[in-house]
Amino acid sequence: MAEPARWWLMKTEPAVFGLADLRRLGVAPWDGVRNYQARNFMRAMRLGDRVFIYHSNASPSGIAGLATVARTAYPDHTAWDPSNEHFDAKSAPSAPRWDMVDLRFDAALPRFLPLALLRETSDLADLPLFTHVRLSVQPVPEPEAAVIRRLAGLPR
DNA sequence: GCCAACGTTGGC
DNA sequence: GCCAACGTTGGC
């Protein structure tokens, strides 16, 4: 029997690549992550895991939608491309340093959840969103994920 | 645009 | 291994 899907939160700047872009593409690689902790969380993702898409540097910032892991971690080739904004000379095809996953658009939240609302929800205070504010890929424990789903007006 | 928080780099 | 300098994230 398959293990239950786990929940994650991934940040993105909507002006660069937002939920609307993911919706338009259907499935898209989540490239450009250049932080080891975030990379390691992506490596831990399993097919079918669920992802809250968080819009950062937005007005307002907050959780906008849902996605599903459609392909597990594989090398992020944009790190090898000198013309790419996320180029990293220390990564090479023979020894990839950075990984990405593919996400499939799932849904926009029935209710967008602005950061201010998340912050004032005491049941969410332990989320890495608040304790590790710069972490762009982070796990969301099931109790917190349930709180977020309820706040967002999603069916349980 | 400002700036606090914090991850990374590199000199020693 | 320490830590100052630097660059980036991300809220406001």
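Reader: Which residues count as nonpolar, and which as charged or polar?

Author: Ala, Val, Leu, Ile, Met, Phe, Trp, Tyr, Cys and Pro count as nonpolar. Asp, Glu, Lys and Arg count as charged, and the others, Gly among them, as polar. Keep that in mind for this structure, which is a predicted model.

Reader: Which residues are around DNA strand C?

Author: Lys 11, Tyr 54, Ser 56, Asn 57, Ser 61, Leu 115, Arg 119, Val 133 and Arg 134. Now sort them. The surface near DNA strand C has three nonpolar, three polar and three charged residues.

Reader: Which residue has a side-chain N or O atom 2.6 Å from a base oxygen of DNA strand C?

Author: That residue is Arg 134. Arg 134 is also one of the residues surrounding DNA strand B.

Reader: What else surrounds DNA strand B?

Author: Asn 35, Tyr 36 and Lys 90 join Arg 134 there. For DNA strand B, sugar and phosphate make up 50% of the atoms within 4 Å of the protein.

Reader: Now the inside. Where do nonpolar side chains tend to go?

Author: In soluble globular proteins, they tend to be buried together. Here the largest nonpolar core has 20 residues. Met 10, Met 45, Val 51, Ile 53 and Leu 103 have the most contacts inside it. At least two core residues come from each of β1 (7-12), α2 (19-25), α3 (36-44), β3 (50-55), β4 and β5. Another core, of 19 residues, lies apart from it; Leu 9, Phe 52, Ala 145 and Leu 151 are among its members.

Reader: What does Met 10 touch beyond its neighbours within four places in sequence?

Author: Its contacts include Trp 30, Met 42, Met 45, Val 51, Ile 53, Leu 103 and Val 137. Ser 136 is also in contact with Met 10.

Reader: Is His 77 buried, partly exposed or exposed?

Author: Buried means under 20% relative accessible area, and exposed means over 50%. His 77 has 45%, so His 77 is partly exposed. This residue lies in the loop between β4 (62-75) and β5 (99-114).

Reader: How many Å separate the C-alpha atoms of His 77 and Gly 18?

Author: They are separated by 21 Å, with the two residues 59 apart along the chain.

Notes:
Residues are numbered from 1 along each chain as its sequence is written. Chains are lettered from A and ligands numbered from 1 in the order in which they are written. This is a predicted model: local features need pLDDT of at least 70, side-chain atom pairs count only at pLDDT 80 or more; totals for chains, interfaces and linings use all residues. Side-chain values use heavy atoms; hydrogens and water are left out. A residue is near a molecule or strand if one of its heavy atoms lies within 4 Å of it. A polar contact is a pair of N or O atoms within 3.5 Å; within protein, one must be able to donate a hydrogen and the other to accept it, and residues adjacent in sequence count only if both atoms are side-chain atoms. Helices (H or I, at least four residues) and strands (E, at least two) are DSSP runs, numbered from the N terminus. Buried means under 20% relative accessible area, exposed over 50%, partly exposed in between (1.4 Å probe, protein chains only). A nonpolar core is a set of buried Ala, Val, Leu, Ile, Met, Phe, Trp, Tyr and Cys residues joined through side-chain atoms within 4.5 Å. Contact means heavy atoms within 4.5 Å.
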